[in-house]
Amino acid sequence: MNLVIQTVLLVVGFAALMKGADWFVEGAAGIAAKLGIPQLIIGLTIVAMGTSAPEAAVSVSSALKGNTGICIGNVLGSNIMNILLILGITSTIVTLQVADSTIKYEKPFMIIISIVLLVVGCVGNVVSFLDGVLLWGLFLVYFAYLFVMTKKKQGEEESEEIKWKTWQLIILFIIGLAMIIVGSDLTVDSATNLAKVIGVSDRIIGLTIVAFGTSLPELMTSVTAARKGSVDIAIGNIVGSNIFNILFVVGTTALITPVAFSQEFFSDGIIVIASSLLLFAGAVKKHALERKFGIIMLGCYAVYFAYILVK
């Protein structure tokens with residue numbers, strides 16, 4: 001009976017994720033068009049933060065409970081999965097055009113802050129309060145950049161007729177976000193319970209189901225945005241989410257309490273940087289992520305996954 005219940009909950013969780021992502025993207029894209037805000041900015045801010053809400057909640061909650069070790073693993077694992085798995089899957093479905101500003105500014109910034117996190121973490125094997133201040137300072141710089149970008153890009157995108165009213169789009173956006181978060185939580189819990197019923201070990205559950213589950217919002221949002229033609233949201237969601245994970249999630253957690261950065265995280269940090277460089281290299285030549293590059297990224301994730309299993 002428990003097996004049947006957990007299977008039903010898993011299906012319900014996935015259904016909530018898919019429909020929630022659909023409404024979330026439609027609401028975000030509609031609000032952007034109504035206000036004249038470029039889709040890229042929406043993807044880099046609201047969508048990125050919304051889909052990173054599970055990671056933020058888990059990390060801050062863990063810090064308040066004194067279990068800070070979860071924070072770094074959560075962020076590094078999520079960032080690797082976001083680039084190699086989620087963008088890999090999305091770019092095999094549809095070619096993702098990459099904006100000039102993303103190549104010139106956002107991706108290099110993502111690489112730089114990944115290096116900063118690795119450096120501050122390796123010094124004393126802890127992300128201290130002062131490190132948290134540094135990360136939050138960079139977070140504010142990032143937001144200042146986005147504000148300037150919004151002013152520059154306003155009016156550049158062609159206006160499109162939106163069937164929804166503004167208040168309807170806001171409600172659609174909020175309900176979609178809520179369904180993504182609830183659906184993600186339900187999917188992870190039911191999948192974990194299902195795996196335990198079947199007899200899979202806790203270690204495998206943590207490395208597979210839970211890690212994938214916390215990145216489901218990014219996956220569903222990016223794929224849905226790409227299929228709807230909102231490729232700027234798909235790219236911006238991942239880049240913005242990775243930046244948000246490092247600067248806001250780790251930064252905020254470090255301001256609450258020192259965050260443990262064990263030596264085991266060093267290799268994961270290197271892989272985050274290597275993945276970011278791979279993404280940059282893949283997009284810089286043609287300003288696009290094509291199917292063949294998506295296959296390469298999925299192959300790289302498969303190698304990384306095999307590595308963490310035998311590590």
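This is a predicted model: local features need pLDDT of at least 70, side-chain atom pairs count only at pLDDT 80 or more; totals for chains, interfaces and linings use all residues.
## Helix α9

Let's start with helix α9, where Leu216, Pro217, Glu218, Leu219, Met220, Thr221, Ser222, Val223, Thr224, Ala225 and Ala226 are buried.

How far apart are the end C-alpha atoms of α9? They sit 16 Å apart, which agrees with the 16 Å that twelve residues (216-227) should span at 1.5 Å a residue. Just after α9 comes glycine 229, and its phi is positive, at about 90°.

## Helices α11 and α12

Next up is a pair of helices. Two packed helices are described by the angle between their axes and the distance between the axes. Here, the axes of α11 (residues 265-284) and α12 (residues 291-310) come within 11 Å and cross at roughly 170°. Angles over 145 degrees count as roughly antiparallel, so α11 is roughly antiparallel to α12.

Which residues make the contact? From α11 come Ser267, Asp268, Ile271, Leu278, Leu279 and Gly282, while α12 brings Phe293, Met297, Cys300, Tyr304 and Tyr307. Sorted by class, that contact has eight nonpolar residues, two polar ones and one charged.

## Aromatic rings

Now for the rings. How many aromatic pairs does a search of the whole structure find? The search turns up 14.

There is also an aromatic cluster to look for: Phe109, Trp136, Phe139, Tyr142, Phe143, Phe244 and Phe248 form one together.

Technical notes: Residues are numbered from 1 along each chain as its sequence is written. Side-chain values use heavy atoms; hydrogens and water are left out. Axes are lines fitted to C-alpha atoms, for helices over the stretch in contact, and angles run from 0 to 180 degrees between N-to-C directions. Helices (H or I, at least four residues) and strands (E, at least two) are DSSP runs, numbered from the N terminus. Angles under 35 degrees count as roughly parallel, over 145 as roughly antiparallel, 65 to 115 as roughly perpendicular and the rest as oblique. Contact means heavy atoms within 4.5 Å. Ala, Val, Leu, Ile, Met, Phe, Trp, Tyr, Cys and Pro count as nonpolar, Asp, Glu, Lys and Arg as charged, and the others, Gly among them, as polar. Rings of Phe, Tyr and Trp (its six-membered ring) pair if their centres lie within 6.5 Å; planes under 30 degrees apart count as stacked, over 60 as edge-to-face and the rest as tilted. The expected span of a helix is 1.5 Å times one less than its number of residues. Buried means under 20% relative accessible area, exposed over 50%, partly exposed in between (1.4 Å probe, protein chains only).
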